[in-house]
Amino acid sequence: MSHDFEGSIAVRGGFIEVHMQSRSLDDSGADRWCTWAREAVPAFVRRHSLSRRQDGFLAAREVNFSSNTLGDHGMTAVLRLLYGLKIGVN
């Protein structure tokens, strides 16, 4: 499962980016990404020594899930995960 999502997160200019556009994701695909990202994103942040703001949040330059078929369930899962990981969009 993780090989499907490797490369979906990147760093540019000291900010994290999430590139999940045009991956034919539906709600179950979003759930799979969330399961993977729950551990992969914190490890990525540590590996790249990304700094959090004083409120504990990490600012993302871009979070892109466009051109998929996410419904309410999938998008809610993604947003809850990002909030739980304390990642906001700059």
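**Reading the sheet, the charges and the rings**

Author: Let's begin with a pair of strands: β1 and β2 (residues 15–19) run antiparallel to each other, paired over 4 bridges. Keep in mind that this is a predicted model.

Reader: What holds strands together in general, and which residue in β2 stands opposite Ala-10?

Author: Strands of a sheet pair through backbone hydrogen bonds, and the pairing can be parallel or antiparallel. Here, Ala-10 has Glu-17 of β2 opposite it.

Reader: On to charges, then. How many salt bridges does a search of the whole structure find?

Author: The general idea is simple: side chains of opposite charge can pair when their charged atoms come close. In this model the search turns up 3 salt bridges.

Reader: Is Glu-17 buried or exposed?

Author: Glu-17 is buried, because its relative accessible area is 5% and the cut-off for buried is under 20%. Arg-12, on the other hand, counts as partly exposed at 44%.

Reader: Which other residue meets the side chain of Glu-17 in a salt bridge?

Author: Arg-61 does, at 3.9 Å from N to O. Since Glu-17 is in strand β2 and Arg-61 in strand β3, this pair ties together parts 44 residues apart in sequence. Arg-61 is partly exposed, its relative accessible area being 36%.

Reader: And where does Arg-53 come in?

Author: Arg-53 makes a salt bridge with Asp-55, where the closest N and O atoms are 2.6 Å apart. Both partners are partly exposed: Arg-53 has 46% relative accessibility, and Asp-55 has 43%. Shared partners, meanwhile, join Arg-12, Glu-17 and Arg-61 into one network of salt bridges.

Reader: Now the rings. How many aromatic pairs does the search find?

Author: It finds 4 aromatic pairs. When you read one, look at the distance between ring centres and the angle between the planes. Phe-5 and Trp-36 form a tilted pair, 5.7 Å centre to centre with 45° between the planes. This pair links distant parts of the chain, with Phe-5 in helix α1 (residues 2–5) and Trp-36 in helix α2, 31 residues apart. Phe-5 and Trp-36 are both buried.

Reader: Why is the pair of Trp-33 and Phe-65 edge-to-face?

Author: Because the planes stand at 80°, and over 60 degrees counts as edge-to-face. The ring centres of Trp-33 and Phe-65 are 5.2 Å apart. Trp-33 is in helix α2 and Phe-65 in the loop between β3 and α3 (72–84), so the pair ties together parts 32 residues apart in sequence.

Key:
Residues numbered from 1 in each chain as written. Predicted model: local features only at pLDDT ≥ 70, side-chain atom pairs only at ≥ 80, totals over all residues. Heavy atoms only, no water. Pairing = 2+ DSSP bridges. Helix = DSSP H or I, 4+ residues; strand = E, 2+ residues; numbered from the N terminus. Salt bridge = Lys/Arg side-chain N within 4 Å of Asp/Glu carboxyl O. Buried < 20%, exposed > 50% of the residue type's maximum accessible area, 1.4 Å probe, protein only. Phe/Tyr/Trp six-rings, centres within 6.5 Å; stacked < 30°, edge-to-face > 60°.
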